[in-house]
Structure formats: structure tokens, C-alpha cells
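Work through the exercises below with the sequence and the structure side by side. Try each task before reading its solution.

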Amino acid sequence: MESLDRAYNVTRTFVESVPKKERKRYGQFFTSRKTAEFMASLFTIDYSKNELSLLDAGAGTGLLTIALVERLRKDGYKGKIKVVCYENDASVLPALIENMENIKNCFDVIYDIRIENYILSQQFSEMDLFGNQVEKYDMIIGNPPYKKLVKEAPEAKIMSEICYGSPNLYFLFWAMGIRNLKDNEELVYIVPRSWTSGAYFERFRKFLFNNCVITNIHIFESRDKVFDGDSILQETIIVKIRKTRNKPESVEISSSETSDFYDVRSCSVDYNTVVSQNKYVFIVTNEKDVEILSRVNSQTSTLETDNLRMRTGIIVDFRTRDVLRDTREDGSYPIFYSHHIKDGRVFWPVGREAEYIVTDKSGYLQENTDYLFVKRFTSKEEKRRLQCGIYLKSDHSQYKYISTQNKINYIKCENPELAYGLFVILNSSLYDAYYRILNGSTQVNSTEINCMPVPPKDSIHQMGLELIGMELTEQNCDKIIDRWIR
Ligand SMILES: C[S@@+](CC[C@H](N)C(=O)[O-])C[C@H]1O[C@@H](n2cnc3c(N)ncnc32)[C@H](O)[C@@H]1O
């Protein structure tokens with residue numbers, strides 16, 4: 001029987017013996033066979049080396065190591081193979097040892113299982129306290145644990161230079177992996193997609209791109225079955241990086257419907273299109289995506305430079321219940337929620353609860369002026385990620401102030417034309433598609449929107465003039481956008 005077959009039998013017996021809740025505590029999801037083989041196939045192998053050192057941090061039952069060793073030997077690598085596996089869950093150790101013993105016998109490898117915390121057993125700096133360099137490996141393969149940590153967690157503390165807020169263990173494993181990688185060598189990890197954008201991962205991305213380049217990305221079009229038997233909510237991708245500052249010309253981006261990999265499609269995309277100037281990572285999968293990026297990237301302003309910053313609504317309603325009212329009363333002001341945004345407009349009141357606010361706290365109120373409101377959350381099934389509504393102060397001119405719940409974002413405008421112009425941009429199919437390439441989640445993040453290339457303010461104003469009097473549809477926005485952004 002092949003080693004991987006045997007390792008899967010061992011893994012299945014382990015999985016069946018441990019409740020899912022228990023495995024979740026360690027961030028334990030085991031890679032499916034096809035995924036492990038695909039990940040192993042991505043490495044470029046230097047057959048001239050007499051010895052190769054492999055690292056699998058968070059090894060579980062060792063499936064990734066086995067897939068890589070199997071590939072090395074099947075492809076004719078004759079040198080010595082030394083494997084190091086870190087795993088801190090004692091209950092999985094018997095399965096890991098059984099699998100490692102098996103590949104030792106089948107493929108002549110030397111292995112070392114370290115029953116330690118991969119992060120805490122090392123320093124994050126190049127040198128340890130005694131001036132010794134951290135251990136370095138030729139090949140690193142991994143499926144790091146997905147686990148949210150508190151800010152004060154010891155792992156977060158020793159890696160504070162890449163953390164912002166409460167980090168997730170997966171990118172700490174990744175950054176430590178980069179430290180443990182020899183220069184010019186490769187690391188292949190399967191990780192959630194979340195690190196590709198957003199301020200939260202900015203320090204990590206900076207560290208990544210100061211040390212490495214991306215050479216391959218694989219995405220799964222459906223989330224099911226990436227991990228053996230377990231469905232997960234996070235969108236998952238496979239990434240290969242090389243530890244060098246020499247940028248390749250392109251990144252190979254492949255995709256498949258599921259982790260069966262029977263329908264892999266692949267394209268080479270210009271490196272600077274994937275890794276943008278501001279270090280966001282754009283996962284482009286076809287020519288159409290490339291065209292979308294190049295059209296948007298031809299614009300020279302941003303909402304930030306146009307002085308049209310998007311901000312998040314100011315009221316967290318469950319913390320401010322005491323100032324919210326269901327009906328109008330003296331001194332009350334309107335408060336807007338995402339359910340008031342519909343068909344490009346803002347409809348208020350609609351007879352739902354807490355549509356009024358009574359307060360003299362300035363932090364709870366904002367000027368009643370012209371705005372574009374944008375929903376912060378949409379569901380995966382909805383057609384558009386960016387859903388906006390134009391709010392004009394003339395709609396409710398009796399109020400000096402208004403308020404907004406934090407589940408909407410808003411852009412304050414100097415006049416109605418700008419609100420209409422911004423609607424043209426954010427309600428177009430071009431910008432909706434651009435945003436989806438940038439951010440795989442369903443949340444609209446104002447920091448990312450503020451960095452998107454957009455036309456200069458004068459042009460936005462003109463675009464707004466063109467839309468006034470027309471129906472507020474995506475088609476009409478697209479017609480205008482197509483004239484302004486070619
Ligand atoms: C997502 S699982 C992946 C297992 C295996 N590599 C695979 O792909 O099937 C992550 C593994 O990391 C282990 N782990 C979690 N935290 C760890 C830590 N701090 N140090 C070492 N291993 C850890 C978990 O017990 C779990 O087995």
C-alpha cells in the first residue's frame with residue numbers, strides 16, 4: 001500500500017476517535033489527499049543537492065510531509081532527506097509517529113518530531129539569545145492552525161512586530177516559516193485568504209514582501225472539501241513563496257472548482273498586477289480580471305486624495321440603546337441603518353424600531369449634508385458586494401444633524417452632484433468586480449475603498465451630473481463609467 005494511503009487510514013482512525021470540538025481547540029483540520037499532493041507538486045526541486053531539509057510545522061498526522069517525501073522519491077531524488085515536524089497536541093502523536101516510521105522505512109528519511117509549540121520554542125529574530133542563527137530549511141510545507149489569539153497571547157507578544165490587534169495563529173506560523181526558510185528556497189502553505197488585504201494584516205504583508213516574493217497562488221471556487229471531511233467557512237488558498245527580493249515577471253494563478261483538482265485552470269499574471277504598490281494582493285484568475293484591474297489602476301486619484309474619505313457609521317446601537325427611540329419626539333434626529341438603503345436611494349423612516357436618536361453628545365451626531373451611504377455587510381449570495389444609496393440633505397432638511405449605525409459606511413459630499421458621481425463609481429460593475437478581486441470577504445472595508453484608484457474629483461462631479469435624472473441602475477452607471485474609464 002502507498003504511504004499516503006496508509007497515512008490516510010491512520011488519520012481517519014484518529015479523527016474518528018477525537019470529537020471535532022477537541023480538534024478545533026488545536027486548529028486541527030487535516031489536508032485532503034489531493035490537496036497534499038497538489039501542494040507537494042508545486043515545489044521546484046534542486047536535484048543537485050546531496051541533502052534536503054524539510055519542515056512541517058503543525059504536522060498533525062504528517063500528511064503533507066508524506067506527500068512531499070513521496071514526490072521527491074518518485075521524481076528520482078536520491079540524496080538524504082531530513083524531516084522536522086512540530087506538533088504540540090500529544091493525542092495526535094501516536095498517529096504521527098506511525099506515519100513517520102512508515103516513510104522512514106519506505107523512503108529512507110531521517111525524521112525528528114518536536115513535541116513543542118512551534119512559535120514559542122523559537123525566537124522571531126534572526127539570531128537567538130546566544131548569537132546562534134535560527135534553524136533554516138530547504139523546503140517548508142504547511143497547513144497552519146487557524147486560531148484567533150488574544151493580543152496578550154505569548155505568541156503575539158514574541159511576534160509583535162507583525163501583529164496589529166488580535167492576531168491569528170496562521171500568519172504567525174507563516175512568518176516564522178519565512179524566518180526558518182533558507183535564502184532562495186520555497187515555502188508552500190494552505191491558508192485563509194484574509195491576509196491579502198486589509199489593515200489588520202498590513203504588518204505581516206510588509207514582512208512577507210520585505211523577505212519573499214509570491215510565485216504561485218491556487219484558489220478553490222467552492223469552499224467544500226478542501227479539508228478531509230470538514231467543511232470550513234473561510235475561503236482557503238494555496239500559496240507558494242520564494243525567499244528572495246528578485247521579483248519574478250509573473251505569478252502563476254490557478255483555480256479549481258474543488259480540491260479534487262480535476263479541472264485546474266491556470267494563467268500567468270504580471271507580478272505588479274498581483275502584488276500592488278500598496279502591497280495588497282489581487283487574486284486575478286482570468287483575462288477579464290486583468291482588464292478590470294488595468295482600467296481601475298489607470299486612475300490617478302483616490303477617495304483619500306480627492307478629500308472624499310469613506311468612514312464607518314458612528315453608532316454601535318446595542319451600546320446606545322438609551323438614546324434611541326422608535327418614534328419621533330422633540331429634539332430627535334434620524335438615524336440610518338443598512339435596511340434604509342434600497343435601489344440606490346435612502347428611504348427613511350420605514351416604521352422599524354430605533355429610527356430616531358435623542359442626544360446632545362456630539363460624537364453621536366453628524367452634519368445633515370449630502371452623503372453616499374454604503375452597506376458594510378452583504379451576504380455571499382447577493383449579486384453585488386458594493387451596495388449604496390444616495391442621501392441628500394434636502395430629503396430631510398428640517399434636521400440639523402443625522403446619525404448612522406456602524407453597519408453602514410458613508411462618504412460626506414460637498415454637493416449632490418458628488419454623491420451621484422460617487423454612486424456611478426461604486427454602483428458600477430467595474431468597481432464591484434475590482435473590489436471582489438481585492439477582498440474575498442463580504443465586508444466592505446473603508447480603508448481599502450479609500451485606497452482604490454478613482455477619477456479626480458472634477459470628473460466625479462461631471463459623472464454625477466450625467467446620472468442626475470436617470471434611473472439609478474447598474475447599467476446606467478456602467479454606461480457612464482465606460483465613457484470615463486476606458
Ligand atoms: C490545520 S492542522 C494541519 C495538520 C496537518 N499538517 C495537515 O495538513 O493535515 C494544524 C496542526 O497544528 C497543530 N498545532 C496547533 N498549534 C500549534 C503550535 N503552537 N505548535 C505546534 N503545532 C501546533 C495542531 O494540533 C494541528 O495538528
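The exercises go from the whole chain to single residues.

This is a predicted model, in which local features need pLDDT of at least 70, side-chain atom pairs count only at pLDDT 80 or more, and totals for chains, interfaces and linings use all residues. Residues are numbered from 1 along each chain as its sequence is written.

**Exercise 1. The whole chain**

Task: State how many helices and strands the protein chain has, and what share of its residues count as buried.

Solution:
- Step 1. The protein chain has 15 helices and 20 strands. Helices (H or I, at least four residues) and strands (E, at least two) are DSSP runs, numbered from the N terminus.
- Step 2. Of its 486 residues, 41% count as buried. A residue is buried if 20 or more other C-beta atoms lie within 10 Å of its own, exposed if 12 or fewer, and partly exposed in between, with C-beta atoms placed from the backbone.
- Step 3. Along the principal axes, the C-alpha atoms fill a box of roughly 80 × 50 × 45 Å.

**Exercise 2. Two packed helices**

Task: Describe how helix α1 (residues 3–17) and helix α5 (residues 93–107) cross, and list the residues through which they meet.

Solution:
- Step 1. Two packed helices are described by the angle between their axes and the distance between the axes.
- Step 2. The axes of α1 and α5 come within 10 Å and cross at roughly 170°. That makes α1 roughly antiparallel to α5. Axes are lines fitted to C-alpha atoms, for helices over the stretch in contact, and angles run from 0 to 180 degrees between N-to-C directions. Angles under 35 degrees count as roughly parallel, over 145 as roughly antiparallel, 65 to 115 as roughly perpendicular and the rest as oblique.
- Step 3. S3, R6, A7, V10, T11 and F14 in α1 meet A95, E98, N99, N102, I103 and C106 in α5. Two residues are in contact if their C-beta atoms, placed from the backbone, lie within 7 Å.
- Step 4. Sorted by class, the contact of α1 with α5 holds six nonpolar, four polar and two charged residues. Ala, Val, Leu, Ile, Met, Phe, Trp, Tyr, Cys and Pro count as nonpolar, Asp, Glu, Lys and Arg as charged, and the others, Gly among them, as polar.

**Exercise 3. The sheet**

Task: Give the strand order of the open sheet of nine strands, then find its edge strands.

Solution:
- Step 1. The order is β3-β2-β1-β4-β5-β7-β6-β8-β9, and the pairing is mixed. Two strands pair if DSSP finds at least two bridges between them.
- Step 2. The edge strands are β3 (109–114) and β9 (265–270), each of which pairs on one side only.
- Step 3. Inside the sheet, β1 (residues 51–57) pairs with β4 in the parallel sense over two bridges. L54 stands opposite M139 in β4.
- Step 4. Helix α4 packs on the sheet and touches β1, β2 (80–86), β3 and β4, its direction making about 130° with that of β4. Helix α7 (residues 169–179) also packs on the sheet, touching β1, β4 and β5, and its direction makes about 165° with that of β5.

**Exercise 4. Buried helices**

Task: Which residues of helix α3 (residues 33–41) are buried, and why is helix α11 (residues 416–426) described as largely enclosed?

Solution:
- Step 1. In α3, the buried residues are T35, A36, F38, M39 and A40. Their cover includes α4 (63–74), β4 (137–142), β5 (181–192) and β7 (236–242).
- Step 2. Helix α11 is largely enclosed by the rest of the structure because nine of its eleven residues are buried. Among them are L418, Y420 and F423.
- Step 3. The buried residues of α11 pack against β17 (370–375), β18 (388–391), β20 (408–413), α12 (429–438), α14 (457–467) and α15 (474–484).

**Exercise 5. Single residues**

Task: Is I341 buried or exposed, and is D75 buried or exposed?

Solution:
- Step 1. I341 lies in strand β13 (residues 341–342). I341 counts as buried because it has 22 C-beta neighbours inside 10 Å.
- Step 2. D75 is in the loop between α4 and β2. D75 has 12 C-beta neighbours inside 10 Å, so it counts as exposed.

**Exercise 6. Backbone angles**

Task: Describe the peptide bond from W348 to P349 and the phi of D108.

Solution:
- Step 1. Most residues other than glycine have a negative phi, and most peptide bonds are trans.
- Step 2. The bond from W348 to P349 is cis, with omega near -10°.
- Step 3. D108, in the loop between α5 and β3, has a positive phi near 55°.
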